[in-house]
Structures are given as structure tokens and as C-alpha cells.
Amino acid sequence: MAPVVSALPVLTHQERDHLATKAKTKAVHSALMSELACMTQLEVSGDAPSSRLPAEFSVAAWNLERCLFPKASAEHLAAYSPSVVLLSEMDCGMSRSGQRHTTQDVAAALNMQYVYGVEFLELSLGGPTERSFCQDEQNACGYHGNAILSSVPFERVGMVRLDTGGHWFTEGAADPDQPRIGGRNAILAVIPTVPGNVCFDSTHLESNAQADLREAQFRKLLTAIDDFAPDMPVVTGGDLNTGNHLPPNFDWREETLFETAVGQGYSWDLTVDGMTTRPSLITPHPDRKMKLDWFCTRGIGGGAKAVVSSVAPDGTPLSDHDFVWTELRL
């Protein structure tokens with residue numbers, strides 16, 4: 001289980017610059033993943049007003065694509081009153097998002113507790129379209145990760161490293177414009193409800209890969225859930241990058257992870273039909289329509305469900321993902 005801290009430690013600019021000079025090998029990356037405290041710890045903070053959730057409540061899962069607009073994003077979520085929010089691609093101390101701790105800001109606006117884990121330690125300012133948002137020439141922290149927000153305190157939390165091989169760091173990395181240490185992860189949390197504890201996880205699978213790698217990551221996640229929360233209802237939600245094949249064809253139906261989950265007693269029934277991506281300020285691709293975002297559950301029922309547009313009332317796209325939302329019934 002990952003150590004829990006109230007604030008993740010921050011490397012100096014000089015330390016991050018030195019990391020960028022390291023040899024781009026799997027062995028070096030593996031050592032860094034063990035040595036860097038920010039890659040092994042979880043940050044838990046914020047206030048939650050209740051002690052446990054009722055038997056019926058709702059959950060949202062949203063890839064916020066760096067979270068350029070924390071306040072507007074929180075207001076957008078608040079209209080659906082989720083008791084649990086599963087977030088991915090959340091910046092902390094990145095120049096492109098105003099150096100804000102975006103998870104902390106969204107949680108505070110929603111009056112929720114949060115757990116945040118670093119997916120990547122960014123060694124640059126980001127991709128070409130992101131650099132236009134940068135006002136500083138260095139990142140304050142350089143963290144980019146995933147989170148869970150809850151309106152009641154967590155019973156316990158954990159993190160699953162789904163990729164430790166340096167897919168974005170080693171020679172021939174997925175995107176040389178974005179050198180980064182880390183890999184895809186899932187954040188786990190046991191949350192108390194009136195009928196009993198429920199395990200939630202915010203999951204982000206690899207985009208730059210084929211279906212077999214995402215299935216392997218999902219298998220690893222389900223095994224970790226069995227160890228972390230055996231015999232407990234489970235709600236997995238997030239950006240599974242389904243259909244992100246190489247070369248891209250965007251056909252989510254070619255993914256094999258769906259059958260894998262069903263074979264282990266999970267259901268996909270709480271995910272509504274329809275695509276979940278749209279053009280955004282960072283990803284302006286009007287022709288790219290994909291179904292990336294899902295709920296996968298075990299031992300839990302549901303009611304209403306929706307894909308909610310990520311366009312703010314003033315017309316600003318808050319993300320290149322719409323969020324998925326569903327009611328849960330224990």
C-alpha cells in the first residue's frame with residue numbers, strides 16, 4: 001500500500017533538470033520509480049462533510065485533460081451532484097495549467113476529500129499546443145496524475161502502477177516532445193456507505209499501444225483490486241483509451257479487455273452508449289470521435305446514466321473528454 005502524505009514532496013528545478021540528463025533506459029527508469037518519493041506516495045487532503053454514503057448515490061468519471069479550468073469544471077460537475085468523482089489527467093504545478101494543484105482546487109470547490117497520485121513527472125512544459133498556455137518557463141512541480149474525490153472520508157487508499165517500463169521515457173519514447181518519468185496508474189479507495197464498504201478506482205490505461213497491452217494492464221488492475229478489496233463491490237471508472245490502436249482506427253470493439261472483465265464477474269452495463277471525446281483547446285481534432293470512457297462494476301446495480309457534454313455554458317470546451325455519470329444502487 002502506498003504511503004499517504006498530506007502533500008507530495010516537490011523536486012527542485014535543478015533536480016528535475018538533472019533527471020532529464022539521465023540515460024533513457026528501462027533500468028534507469030525502474031530505479032527512478034523506486035527512488036522518487038513522488039512516484040510512490042499518495043496525497044490525501046481536503047474536508048468531507050459526511051461519515052458514509054447512502055445506499056443510492058451517483059458517481060462521475062472525467063478525463064479533464066490537464067484541467068485548465070478547475071472552477072468551471074467543478075461547477076459543471078456540481079450540476080449532477082456526484083458523491084464520488086473519478087478524475088484523470090490532473091495537473092499539479094504545471095505551467096500550462098497556471099501552476100495550480102487542479103485536484104485540490106476541484107475538491108475544495110465541491111467540498112470533497114481527495115486522493116491524488118502522480119502518473120508522470122513531466123520533464124518539459126508539454127506538447128506544442130499546450131505551450132501556448134504557459135506563462136512560466138518552468139513547472140513548479142511537474143506532476144500529472146489521477147485522483148478520486150469523495151464527499152465522505154476514505155477508509156483507505158492505494159495505487160496500482162500499471163506500467164513501470166518507461167514507455168514515455170526510454171529511447172524511442174511514445175512522444176519525444178513530452179519526456180516524462182512514470183507510467184499509467186490506477187488510484188484505489190475504499191469508501192464507506194450505509195450498506196457497507198465499496199471499492200472505487202480511477203483508471204487511466206495506455207493510449208500509445210495496442211489492445212493486448214491495455215488488456216494486460218486491466219488484468220493487473222483487477223488482480224490488485226482482489227488483493228486490496230476482496231469480496232467488496234467495485235466501481236472502476238475512467239479513460240481506458242479503448243480504440244487507440246496503432247495505426248489508429250478508433251474502433252473500441254476491437255478491445256479484448258471487455259471479455260476479460262466479464263470473465264471475472266464484472267459488468268459494463270452502467271456505461272451509456274455514445275462517443276465520449278470532442279475537440280478541445282489542447283486537442284483540436286474535429287474528426288476524431290472515440291469511445292474512451294467507461295464504468296466497469298462488480299456486485300453493484302445502477303439507475304440513470306449519461307454522457308455529459310464537457311462544454312461550459314460560455315461555450316468553452318473544458319476537456320477533450322465528456323464525462324460519464326451514473327447512479328449507483330447498493
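In this predicted model, the second largest pocket has a volume of about 150 Å³. Its lining is made up of H13, R16, D17, A20, E122, L123, S124, L125, E137, Q138 and N139. Helix 1 (residues 13–20) supplies the largest share of this lining, with four residues. Sorted by class, the residues around the second largest pocket comprise three nonpolar, four polar and four charged ones.

The largest pocket holds about 860 Å³ of space. A total of 37 residues line the largest pocket, and those nearest its centre are R66, S207, T283, R288 and D320. Strand 3 gives the largest share of the lining of the largest pocket, namely three residues. The class composition of this lining is eleven nonpolar, 15 polar and eleven charged residues.

Strand 3 spans residues 56–66, and C67 is placed in the loop between this strand and helix 3 (70–78). Most residues other than glycine have a negative phi. C67, although not a glycine, has a positive phi of about 65 degrees. The relative accessible area of C67 is 0%, so this residue is classed as buried, the cut-off being under 20%. A second residue other than glycine with a positive phi is E89, where the value is near 60 degrees. E89 is located in strand 4 (residues 84–92). With a relative accessible area of 12%, E89 also counts as buried.

An open sheet is formed by five strands in the order 7-9-10-11-12, with mixed pairing. Strand 7 (156–161) and strand 12 (293–298) each have a single partner strand and therefore stand at the edges, one side of each being left without a neighbour in the sheet. On average, and with direction ignored, neighbouring strands of this sheet are turned by 20 degrees against each other. Within the sheet, strand 10 (residues 196–204) pairs with strand 11 (residues 234–239) in the parallel sense, over six bridges. S202 has G237, in strand 11, as its bridge partner.

The loop between strand 11 and helix 6 (257–263) contains P247. Most peptide bonds are trans. The bond from L246 to P247 is cis, and its omega is near -5 degrees.

Conventions. Residues are numbered from 1 along each chain as its sequence is written. This is a predicted model: local features need pLDDT of at least 70, side-chain atom pairs count only at pLDDT 80 or more; totals for chains, interfaces and linings use all residues. Side-chain values use heavy atoms; hydrogens and water are left out. Two strands pair if DSSP finds at least two bridges between them. Helices (H or I, at least four residues) and strands (E, at least two) are DSSP runs, numbered from the N terminus. Axes are lines fitted to C-alpha atoms, for helices over the stretch in contact, and angles run from 0 to 180 degrees between N-to-C directions. Buried means under 20% relative accessible area, exposed over 50%, partly exposed in between (1.4 Å probe, protein chains only). On a 1 Å grid over the protein atoms alone, a cavity is a set of points where a 1.4 Å probe fits but cannot get out, and a pocket is an open set with protein on both sides within 12 Å along at least five of seven lines; lining residues have an atom within 4 Å of a point. Grid points are joined across faces, edges and corners, and a volume is the space filled by probe spheres set on the points. Ala, Val, Leu, Ile, Met, Phe, Trp, Tyr, Cys and Pro count as nonpolar, Asp, Glu, Lys and Arg as charged, and the others, Gly among them, as polar.
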